[in-house]
Structures are given as C-alpha cells and as structure tokens.
Amino acid sequence: MRVIKKTRILGANFLKVQRQKVIHLSFYFLMGLLCILGSPVLAKVPSSINSSIQQPINSIISSVVATNTASIVQQGKFLYDTGKFAQAVEMLQQAIKAYRQQGDNLELAATLSNLSLTYQQLGEWNQAQQAITESLNLLKGEEKKTLQILAQSLNIQGSLQLSMGRAEAALATWEKTEAVYKKVHDQNGVVRSLINQAQAWQAQGFYPRAIKTLEKVSQTLKSQRDSKEKTMSLRSLGDALLVVGNLKDSRQVLEESLTIARNMQSSADIAASLFSLGNNARKRQDKKNASAYYQQAVATSASLLTKVQAQLNLLSLLIEDQQWPEVQTLLSSIEPQLDQLPLSRASIYAQINYAQNIRKVNKNNSQVLIKNSSSSLNTQHSAVLLANAIKQSHTLGDKRTEAYAFKSLGGLYEESEQWLEAQDLTLQGLALAQSSNAPEITYTLEWQLGRLLRAQKDINGAIAAYDAAVETLQPLRKDLIVNNDIVNQDVQFNFRDSVEPVYRQSVELLLQSQQGKADEKILDKARERIEALQLAELDDFFREACLQGQKVILDKVVDRANASAAIIYPIILPQELQVIVKIPKQPLQNYSTKISQSQVEELLVKLRKNLVNPTATKIVKTQSQEVYNWLLKPIELQLKQNKVNTLVFVLDGVLRNIPMSALYDGNQYLVQKYAISLSVGLQLIDPKPLVKQKLVALTAGLTQPPPGFKFSPLLGIKFEFDGITKAGVSTTSLLDGNFKKKNLENEIAATSFNIVHLATHGQFSSRLEDTFILDFDGQINVKDFDTLFRTQSKSIVELLVLSACQTAAGDSRAALGLAGAAVRAGARSTIASLWQIDDKSTAMFVSAFYQELKSGKITKAEAVHRAQLTLLKHPNYKAPSFWSSYVLIGNWL
C-alpha cells in the first residue's frame with residue numbers, strides 16, 4: 001500500500017477549521033460566475049453563455065477624481081484581473097471610502113458595482129447584493145452621463161440574480177441593460193446583454209427562447225464591421241452555442257471569430273478562438289483536431305496562463321488515449337511553467353489539475369510511474385502540490401478554491417486508505433465550500449465523505465452524507481445540464497464520472513443497509529433515487545430539464561381496482577444486480593443476484609448482438625434465459641398467483657438495449673405470457689386508456705433516404721399505410737416529397753390527431769446530435785420533437801409510432817436516445833423499433849396492431865403483445881429478431 005506522510009506545508013495556522021459533525025446543506029443555486037482569466041483549467045470547456053456575464057472591472061474614471069484614488073481603483077482592477085479577489089475587495093473598499101469623502105457619486109456607483117462583482121467571485125452574496133443595490137440607487141434618474149455606468153451596473157446585478165437562482169429577475173434586468181446599451185449606441189453591450197438573456201431563458205427551461213435569442217445575436221453581429229470587439233462577441237456566441245448543444249453552428253461562429261482575429265493580427269484573440277475551437281472539437285469527440293487546436297493555441301498565445309491551460313487540456317486528451325511517452329514529455333514541460341505563473345485563482349487551479357493528472361498517470365500506467373520513480377511523478381509530489389494549493393488559496397482568501405484543493409488532497413489520502421486523515425481534510429473542505437456558496441464543490445465533498453465513512457463501517461453516517469450529496473445535486477442539476485462538463489469553470493464535470501456514481505453508490509448503500517430484511521421505506525427511497533438518476537441522465541442528454549406536465553405515480557395506477565400490471569425495477573450495481581418489484585396491492589419487495597456490473601454488461605452486449613440475427617435463436621434462448629433468471633424467476637409464482645398479465649419495466653443502464661419480450665424462461669418467451677411496456681421513470685404523464693375514442697392518425701413516410709444518407713429504401717411503406725387504413729383508422733398521409741418538417745408541424749397544429757405514425761429511418765444514440773429521424777429534406781433532430789409534437793392546442797398526441805428506427809451501432813447507451821425521443825415528443829405512449837426489420841414483417845405487425853387497437857377493448861400494451869404474437873406464429877417471422885424489436889414506452893393503458 002502506498003503511504004502518504006502528512007506534509008508540513010499544511011501549517012496549523014490555516015488548517016484549523018472546526019470539524020463539522022453534522023452535514024449542513026447549501027441550497028443556493030449557482031451558475032458558475034467566474035472572471036475571464038479564471039477560465040477552465042480542468043478539461044476546459046468554453047465558459048458558455050456565462051462568459052459574457054463576467055465583465056471586466058469598470059474602468060470609467062472621471063478626470064476630476066484625485067490621482068491617488070484612481071490609482072487605488074486601478075490596483076483593484078489589476079488584482080481582480082489576476083484572480084486575487086480578496087485583495088481586490090480591500091483596494092475597492094479604500095477607493096469607495098475616498099469617493100464618499102469626495103462626494104463623487106458617479107465614481108462611487110461605478111466602484112460599488114465593481115465591488116459587487118468581486119464579492120460574487122468570492123461567493124459572498126449578501127455583500128454583493130448590498131454593493132450593487134447602493135450602486136443602482138446612486139444612479140437613479142438615468143442622466144445621460146450615467147447611462148454607460150448604469151448599463152454595466154445592471155449587467156452585474158443580473159449576474160448576481162442568476163447566481164442566486166433568480167433567473168426570471170436576471171432576465172428582466174438584462175432586458176433593461178439591453179435597452180440602456182441601445183440608448184448609448186453600444187452594440188457590443190447589446191450583444192453581451194442578449195447572450196446573458198439566452199442563459200436566463202435556458203436556466204428557466206425555455207430552450208427554444210434561448211436559441212431564438214442567440215440567433216438574434218448572430219444577426220446583430222453580421223451587421224458589425226470586423227473589430228477586436230466583434231471577435232470577442234463571436235467567441236462568446238460560439239461558446240454559448242456549444243453549451244446548448246448546437247455544435248455545428250458553434251464551430252462555424254468560432255471559425256469566423258478566428259478569421260477576424262487573424263485579420264486583426266491579435267495574438268490573444270487568435271489563441272482564445274483556437275482554444276474554443278479545441279473545446280468544440282473535443283465535444284464532437286474529434287480528438288485529433290482538438291489536440292491540433294490546443295497545440296496551435298500554445299504556439300500562438302503570448303499569455304503563459306493560456307499556454308498552460310491549453311497544455312493541460314491536451315494532457316488530459318493524451319491520458320485518455322494512453323499515449324504515455326507524450327504524456328511524460330508534456331508533464332515535464334508543464335511543471336516549470338506552473339512555477340512561473342503569478343499567484344491567482346487560475347494558477348492554483350492549474351496546479352491542482354496538474355496534480356490530479358499525476359494521480360491519473362500513476363493509477364493507469366505503472367511503467368511511467370516506475371520509470372520516473374526518482375522524479376516528481378509520484379504520490380508524495382502530488383500531495384505537496386495540493387498542500388501548496390491550499391496554502392496559496394488561503395493566502396488569497398479564496399475559500400472556494402481552498403475547498404477544492406482540500407477535496408483533492410483528501411481524495412489522495414482516500415486512495416492510500418488513510419481514512420482519518422482523508423476525513424479531516426474532507427470536512428475542512430466541506431466547511432469552506434458551504435461558507436462560500438459553492439454547491440458544485442460541496443456535493444463532491446459530501447460524496448467523498450460518504451465514501452470515507454462507508455470505508456470505516458459507519459453506514460448511517462455514510463447514508464447521511466450521500467443523502468446530502470444527492471440533495472445538493474438537485475438544485476444544481478440545471479447547472480450541470482447547462483454546462484455539461486463544468487459549473488465552476490475550474491471544476492471538471494463529466495456526468496458519467498461525477499454525477500452517476502453518486503446515485504448508484506447511494507442506492508447500493510441503502511439496499512445493503514436492510515441487512516437481509518426488506519424495508520419498504522428503504523426500497524421506495526432506492527427506486528426514487530434511481531429514477532432521479534435516470535431523469536438527470538435525460539436532462540444531461542438534452543442539456544435542459546425535459547420532463548414536464550401532470551404526472552401520476554405508477555404505483556397508483558397499478559393499485560387501482562382490477563389492476564393486473566406489475567412493475568419491475570432492475571438496478572445494476574458494481575457487484576450485484578438488484579430487482580425491486582411492485583405487485584398490485586402489495587408492499588415493495590426485492591431480491592438480488594451476486595454478479596458484477598462488467599459481467600452483466602458483457603452478457604447483455606452479446607445478447608443484443610445475437611438478437612438481430614434470425615439464425616441465432618439457440619444462443620439467444622440461452623442468454624436471454626440467464627437474464628430472465630436475474631429479473632423474474634424469483635417472483636414468477638407470485639405473478640401467476642396475482643393474475644398479473646402486464647409487466648412494466650423501469651430499466652437501468654444497458655438493460656434498456658434489450659427487448660424484455662425476448663426473455664426466455666426455458667419453455668416460452670416472455671411475450672407469450674405477458675404484455676410488456678417500458679417506463680422512463682416512476683411516473684406517467686396523465687395516463688389514460690385509448691379506448692372508445694375515434695382513432696385519427698397522421699401518417700408520414702419516406703421510401704428513399706435523402707441524398708447523403710446511407711440508409712436502405714423502405715419500399716413497403718405503402719403496404720404499411722394501407723394496413724392502417726384497412727384497420728379502420730382515419731388517416732392523413734404525408735409521403736416522400738410531402739414529408740417535410742414544416743408540413744408535419746402544420747398538420748399536427750391543424751388537426752387533433754391522437755396518433756402520429758412515422759415510417760422513416762431514424763437513429764437513437766447516447767449523443768443528442770446523433771439522435772434523429774429523416775424527412776425529405778434531411779434530419780429532424782430529437783431536440784426538435786417538443787415543438788414538432790406539442791404544437792397542437794386541442795389535444796395531446798396519445799400515441800407516437802416510429803416504425804423504422806434503430807439504435808446506433810456500437811453504442812451501449814443508445815437506448816438513452818430512444819427514451820429521450822419518447823419524453824421529448826410528449827406523447828402519452830411511444831412505440832419504436834430497436835433495430836430495423838424487413839418491410840413485410842413491419843407491415844404485418846403494424847396492420848395487426850391497429851386492428852387490435854381499433855377494437856377499443858384492450859390496452860395499448862396488449863395490442864402490441866398480440867401483434868408480436870402474430871409475427872411469432874408466422875413460420876417466416878418466428879425468430880425474436882422480427883417480433884421483439886418493437887417496444888412500447890410510457891402509458892400502457
């Protein structure tokens with residue numbers, strides 16, 4: 001075991017923070033307000049829409065102000081720009097005192113607004129609010145000479161409101177800011193205000209309004225002449241578009257920013273644009289170009305800080321790709337530069353990042369570690385770097401950076417199993433993070449504390465710590481989805497590494513705490529937590545909160561009179577597969593199988609591959625029976641005794657790629673015994689049966705893919721549509737050239753269709769940009785489904801059918817895109833295919849389904865069930881590859 005000696009750098013004078021025995025949650029909603037120079041160090045993703053909020057210190061200084069006071073303000077500005085916020089506060093307070101004595105209200109107002117902005121960097125909201133309120137009170141009346149300062153003060157007020165979770169108020173403030181900037185003909189100020197407004201819209205969940213606002217920014221910039229300011233504005237726009245997931249437009253805007261910067265011969269702006277293009281390429285998983293952009297940024301930038309940040313981003317890419325010789329060379333190059341950086345928040349984060357990368361190298365490549373055993377590449381050196389980061393943060397008075405450094409050093413001690421030392425460091429960091437209103441750091445410390453307490457067998461304490469982490473994550477989730485990889489720019493967030501494990505480890509701990517005896521309260525809490533994870537996963541997928549509308553708890557639907565549906569909740573944990581079951585009018589129960597997550601995933605990947613092969617029936621039965629034994633065998637008798645005829649699965653992880661209808665019990669497939677449905681979570685959007693309603697369907701299809709798309713023709717669509725009509729469903733059709741997004745929107749808006757049936761190629765992926773359906777003109781991305789299917793005011797779409805879609809090849813999480821499509825469309829129920837099957841069997845399934853549905857006597861789940869049995873009984877289509885592809889998501893009634 002590696003041993004870390006407590007380094008003496010952690011002096012008693014600044015490490016004495018009283019250990020907190022009770023976890024106290026911070027409920028402030030933070031949107032990561034940071035100065036531009038405090039830009040990302042850990043896998044820097046662009047500062048997003050936030051970047052326009054971070055205004056430089058207001059440099060408007062009246063000529064009548066005494067020279068010494070102006071000098072103090074300039075010192076404050078310099079300290080702010082270099083990330084020394086506590087010292088900047090002291091300087092600005094001195095200037096404020098002088099301006100009060102001089103009676104210079106104009107300069108006093110400007111300096112107070114700057115003081116508010118500086119307090120925001122330190123997370124001191126009350127002081128920030130007092131300063132900006134006094135500034136605005138001094139500027140009342142809006143005399144002509146105060147307008148420019150008023151606009152900047154309003155801008156700073158908006159940033160504070162957004163940081164405190166008051167997005168609606170921030171929006172109103174930034175609309176005022178825009179109006180003032182228009183009065184003084186400051187187009188760059190107008191652009192910044194609009195970008196800020198887009199973030200406020202997005203923070204409230206109004207994604208389309210955010211996009212429209214950004215489009216307005218784009219039009220405004222087109223009319224401007226090339227200038228340094230235009231370059232900066234375009235870069236902010238490109239960063240903002242990246243955050244909202246519009247990677248294509250983001251790239252185009254950033255390239256334009258780079259072109260203008262090169263024409264202006266501005267090396268700082270060239271480097272910044274190259275940096276943002278590197279972030280864009282990384283988001284697109286284009287590591288080759290990302291590396292090239294970062295290398296160009298290093299070669300171009302005159303700023304040592306920017307060079308180091310670009311090198312650190314490049315280093316993380318090299319570590320991901322395990323290019324160890326290049327990693328070693330770059331590590332050796334970065335460290336001497338760290339020593340040359342002036343002390344600031346950004347330089348401290350660079351040092352923390354460097355130490356964390358050493359840890360990654362040590363964990364993932366022992367050859368590099370052994371080869372460099374006499375050099376700095378060892379755990380002790382990481383500890384010294386992190387301890388120094390704590391000391392420097394304390395010197396700056398930067399509590400949130402100090403908290404993050406404590407968290408990192410505590411994590412290092414955790415890895416060496418020095419639990420008490422790690423716990424002491426973690427608690428000190430937690431106290432600092434909570435006192436500086438930094439929930440994006442707080443939850444990671446609460447999570448770390450939970451792991452440490454669990455390792456010390458303090459199960460109740462560990463559960464409390466995990467509960468705290470999950471609770472802190474709830475209001476923070478919007479930040480995590482607005483900035484997928486960052487909230488605080490300097491703190492790296494990756495959903496799968498930084499959010500998902502909190503939920504899974506928490507659930508594992510809860511279930512283990514039952515000590516062999518089922519506890520319904522614990523089971524209910526565990527499944528609610530997994531649902532929260534799944535919703536967070538969808539939010540992360542769309543980069544916005546996506547589940548809306550009136551919902552009904554699944555249990556209430558199941559427990560209704562004459563209910564015959566059971567709910568199955570499988571949960572994949574690191575060392576076991578847990579299953580929670582709800583049978584009508586019975587308490588929750590659970591059972592488990594001791595099997596590792598990697599073993600579960602390995603079998604499911606093989607099964608999914610074999611399911612699409614009609615000749616692999618034998619191996620499919622063997623593999624699917626094993627899954628059946630995990631999920632259902634322990635309760636098969638209870639299901640029979642309770643006359644259950646419908647199974648509703650709330651699937652987890654890679655289980656979502658497997659159609660449950662294909663599970664095999666040794667004698668029959670599951671579809672031969674039950675109707676089957678899937679649910680995205682524990683709630684349904686206002687579930688109602690589609691019975692005794694006239695079926696009115698909009699059908700749309702594409703027999704040939706658009707140019708440039710490598711999909712096969714769908715020549716059987718006319719037979720498919722004929723089957724729908726023959727079943728007695730009233731239809732309106734859009735075929736081939738008429739199947740365009742605009743036509744679809746117009747038809748849905750004009751008529752109360754309760755069914756929309758789309759026979760067109762589509763792909764479901766774990767990546768938003770790769771999840772789409774095709775129309776005559778090209779792609780319709782899943783993110784557009786909300787406006788496409790929710791435009792009709794007369795009634796909700798009861799059923800959406802996607803009959804020719806497929807999950808992306810080689811993507812183990814591709815079914816996330818299917819769940820996203822179902823949720824985004826807002827239909828009560830969605831039927832989709834997990835893989836494409838031949839036209840004839842599709843037409844047969846569709847015809848049988850609508851004939852059953854038209855009878856008005858059965859549920860949608862039962863109609864799907866019977867249509868699948870129709871195929872299974874056909875001699876040509878009895879293999880699971882034909883009938884199991886179809887899944888029903890949502891309301892099964």
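**Salt bridges in a predicted model**

At 10% relative accessibility, Arg 504 counts as buried. This residue belongs to a predicted model in which the count comes to 34 salt bridges.

**Overall features**

- The protein comprises 893 residues, and buried residues make up 62% of them.
- Its secondary structure consists of 35 helices and 15 strands.
- Among contacts with a separation of 6 or more, 72% are accounted for by residues 24 or more positions apart.
- The accessible surface amounts to about 34500 Å², and carbon and sulfur atoms contribute 49% of that area.

**Arg 504 and Asp 652**

- Arg 504 and Asp 652 form a salt bridge through their side chains, with an N to O distance of 2.7 Å.
- The two residues are 148 residues apart, and their pairing links distant parts of the chain.
- Arg 504 is located in helix H23 (residues 495-512), whereas Asp 652 lies in the loop between strand E5 (646-649) and strand E6 (675-678).
- Asp 652 has a relative accessible area of 1% and is therefore buried, the cut-off being under 20%.
- Both residues also belong to a network of salt bridges that links Glu 500, Arg 504, Glu 537, Asp 652, Arg 656 and Arg 813.

**Glu 414 and Arg 451**

- A salt bridge joins Glu 414 to Arg 451, and their closest N and O atoms are 2.8 Å apart.
- Because Glu 414 lies in helix H19 (residues 399-415) and Arg 451 in helix H21 (residues 439-455), the pair ties together parts that are 37 residues apart in sequence.
- Glu 414, with a relative accessibility of 15%, counts as buried.
- Arg 451, with a relative accessibility of 22%, counts as partly exposed.

**Asp 524 and Arg 527**

- The side chains of Asp 524 and Arg 527 form a salt bridge with an N to O distance of 3.0 Å.
- Both residues lie in helix H24 (residues 520-542), and because they are 3 residues apart, about one helical turn separates them.
- Asp 524 counts as partly exposed, at 25% relative accessibility.
- Arg 527 counts as buried, at 6% relative accessibility.

**Basis of the pairing**

- Side chains of opposite charge can pair when their charged atoms come close.

Technical notes. Residues are numbered from 1 along each chain as its sequence is written. This is a predicted model: local features need pLDDT of at least 70, side-chain atom pairs count only at pLDDT 80 or more; totals for chains, interfaces and linings use all residues. Side-chain values use heavy atoms; hydrogens and water are left out. A salt bridge is a side-chain nitrogen of Lys or Arg within 4 Å of a carboxyl oxygen of Asp or Glu. Helices (H or I, at least four residues) and strands (E, at least two) are DSSP runs, numbered from the N terminus. Buried means under 20% relative accessible area, exposed over 50%, partly exposed in between (1.4 Å probe, protein chains only). Contact means heavy atoms within 4.5 Å. Accessible areas come from the Shrake-Rupley method with a 1.4 Å probe; for residues, only the protein chains shown count as cover.
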